[in-house]
Amino acid sequence: MNYHNKERQLRVDLAAAFRILHRLDMHESVANHLSAAVSDDGRTFLMNRRWMHFCNVTASNLQLLDVDDESILQRDDAPDISAWNIHRNIHRAYPGARVVLHAHPTYATALSTLKDPRLLPIDNNTARFYERIAYDTNFGGIANSEEEGERIAESLQGKPVLMMGNHGVTVVGETVAEAFEDLYYLEKACKTMILVYSAGQPLNILSDELAREIVRGWDDFRGASFAHFEQLKAELDATDPSYLN
Ligand SMILES: [Zn+2]
């Protein structure tokens, strides 16, 4: 596969992720951003344009950005400044974080606002994230500053999920399908967590050993991430293939 085809496939998959998250009601007005590294060193990446609604993102209107090119901020097509600060700093700090999804889904964001925002291992979905989440409880407001972007990137500490206290979540992954699957299950797991808290009864928390075993079980299930994403893309193809444009 030559470089051009690789970038085209990345554009298609990332555009599909926007459309699917919109259908799942995991979008936020014209805010929130998804990005994917194009170059192997992670220094060029694709991201949605400033104030582009998820439902209008297409493969070709994703913007190609360079982490070293700050002159983009002076141009008419400058990206959203908070998105630039968050995504640029994560791609710069972690070349291995190929895909970076930042969102404010209802249940994950609700959990992030608790004094104890930990996602506890109480079923298969919550245990999927056992020891895979970094917690940032030093929210500094909308990431309008370079410092807040750097602080968020540092907070990840190499984990695939960052629970951003009083803010939302960021998920990183090797592929769009895998990062999407983590975000999808994270929101489901956080919904479970919020619902069980509302029950007001003691939680039956799984042992560390069992939680780790479940994480290994999910590893064996890796292929399902791609199957799920392909089937959701097939639904887009059948109902609204405009994301391919
Ligand atoms: Zn945000």
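Start with Ser82. Buried or exposed? Ser82 has a relative accessible area of 16%. The cut-off for buried is under 20%, so Ser82 counts as buried. Keep in mind that this is a predicted model.

Where does Ser82 sit? In helix H2, which covers residues 81-93. The side chain of Ser82 makes a polar contact with the side chain of Asp80, at 2.6 Å. Now leave out residues up to four places away in sequence. Ser82 then touches Ile142, Ala143 and Asn144.

Next, Leu210. This residue is in helix H7. One distance for Leu210: its C-alpha atom is separated from that of Asn89 by 35 Å. Along the chain, Leu210 and Asn89 are 121 residues apart.

Now the metal. Which residues donate to the zinc ion? The protein donors are His102, His104 and His167. Each uses NE2. They lie 2.0 to 2.1 Å from the zinc ion. The spacing of the donor residues in sequence reads H-x1-H-x62-H. His102 and His167 link distant parts of the chain, 65 residues apart. His102 belongs to strand E4, residues 99-103. His167 is in the loop between strand E6 (161-164) and E7. Both His102 and His167 are buried.

On to the pocket. The largest pocket has a volume of about 440 Å³. How many residues line it? The lining has 20 residues. Nearest the centre of the largest pocket are Arg132, Glu178, Asp182, Asp219 and Arg222.

Which elements give two or more residues to that lining? Strand E7 (168-173) is one of them. The others are helix H6 (176-199), helix H7 (208-220) and helix H8 (222-239). H6 gives the largest share, five residues.

What about residue classes in the lining of the largest pocket? Nine are nonpolar, eight are charged and three are polar.

To recap. Three histidines, His102, His104 and His167, donate to the zinc ion through NE2. And H6 supplies the largest share of the lining of the largest pocket.

How values were computed:
Residues are numbered from 1 along each chain as its sequence is written. This is a predicted model: local features need pLDDT of at least 70, side-chain atom pairs count only at pLDDT 80 or more; totals for chains, interfaces and linings use all residues. Side-chain values use heavy atoms; hydrogens and water are left out. On a 1 Å grid over the protein atoms alone, a cavity is a set of points where a 1.4 Å probe fits but cannot get out, and a pocket is an open set with protein on both sides within 12 Å along at least five of seven lines; lining residues have an atom within 4 Å of a point. Grid points are joined across faces, edges and corners, and a volume is the space filled by probe spheres set on the points. Helices (H or I, at least four residues) and strands (E, at least two) are DSSP runs, numbered from the N terminus. Ala, Val, Leu, Ile, Met, Phe, Trp, Tyr, Cys and Pro count as nonpolar, Asp, Glu, Lys and Arg as charged, and the others, Gly among them, as polar. Donors are N, O and S atoms within 2.8 Å of the metal (3.2 Å for Na, K and Ca); water is not among the atoms, so sites may look incomplete. Buried means under 20% relative accessible area, exposed over 50%, partly exposed in between (1.4 Å probe, protein chains only). A polar contact is a pair of N or O atoms within 3.5 Å; within protein, one must be able to donate a hydrogen and the other to accept it, and residues adjacent in sequence count only if both atoms are side-chain atoms. Contact means heavy atoms within 4.5 Å.
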